[in-house]
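Please view the structure before reading on.

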Amino acid sequence: MTELKRLLNDLIGLTENEFQIFYNQLERKEYKAKTLVIEEGKTTKDLYFIESGFFRIFKNIEDKEFTTYFACDKQFITVFDSFIYQIPSHEFLEAIEDSTVYKISFKSLTQLYKESPNFEKFGRILAERNHLCAQQRALTMQTKSAKKKYLDFIKNYDKKIVLRAPQYQIASFLGIAAESLSRIRKEVVIS
């Protein structure tokens with residue numbers, strides 16, 4: 001919980017009272033590995049702060065999985081378009097490993113937006129970061145070679161994700177064939 005408090009202070013400078021208000025809206029939850037936390041077709045009701053663990057967001061098209069996002073310790077995750085617009089999700093959120101999160105509901109968070117500009121700032125920053133992440137990912141997918149995509153991945157993503165995500169999930173995330181990723185990984189040493 002101290003990590004969440006530190007992160008919120010760094011992002012928006014919450015007062016002690018504001019943090020307590022935020023904390024009172026949280027629910028601690030544990031998920032076993034391979035649990036589908038959010039399912040396609042269901043509306044996303046919660047935003048998650050990962051205390052410990054590892055998650056991915058993926059889409060299933062014609063029985064093939066396409067990973068679109070990874071997150072691990074001390075990061076926020078949800079299916080953002082479903083959460084923000086309260087519409088059915090087009091993706092799944094899965095716990096890759098046993099994980100512990102603190103979740104806050106859409107209803108609670110939108111109420112907090114009304115109570116303090118700091119909470120509204122928090123929502124804006126999350127939305128901006130999500131947008132920038134999606135924009136950078138689209139640019140990478142369209143303009144970089146398979147090797148450059150992987151080099152960017154190991155440079156920009158948490159080492160836990162780089163080292164522990166299954167190879168087929170990383171390959172689908174990078175938009176390359178698993179065989180190509182295997183060949184590239186043999187050429188690249190991760191320090």
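The model is predicted, so local features need pLDDT of at least 70 and side-chain atom pairs count only at pLDDT 80 or more, while totals for chains, interfaces and linings use all residues. Residues are numbered from 1 along each chain as its sequence is written, and side-chain values use heavy atoms, without hydrogens and water.

**Cavity.** The structure contains 1 cavity of 30 Å³ or more (on a 1 Å grid over the protein atoms alone, a set of points where a 1.4 Å probe fits but cannot get out; lining residues have an atom within 4 Å of a point). Its lining consists of Leu4, Phe22, Leu26, Leu47, Phe49, Phe76, Tyr102 and Ile104. Two or more of these residues come from each of β3 (46-52) and β8 (99-105) (strands are DSSP E runs of at least two residues, helices H or I runs of at least four, numbered from the N terminus). The lining has 8 nonpolar, no polar and no charged residues (Ala, Val, Leu, Ile, Met, Phe, Trp, Tyr, Cys and Pro count as nonpolar, Asp, Glu, Lys and Arg as charged, the others, Gly among them, as polar).

**Pockets.** A pocket is an open set with protein on both sides within 12 Å along at least five of seven lines. A volume is the space filled by probe spheres set on the grid points, which are joined across faces, edges and corners.

| Pocket | Volume | Lining residues nearest the centre |
|---|---|---|
| Largest | about 680 Å³ | Tyr69, Cys133, Gln136, Asn156, Tyr157 |
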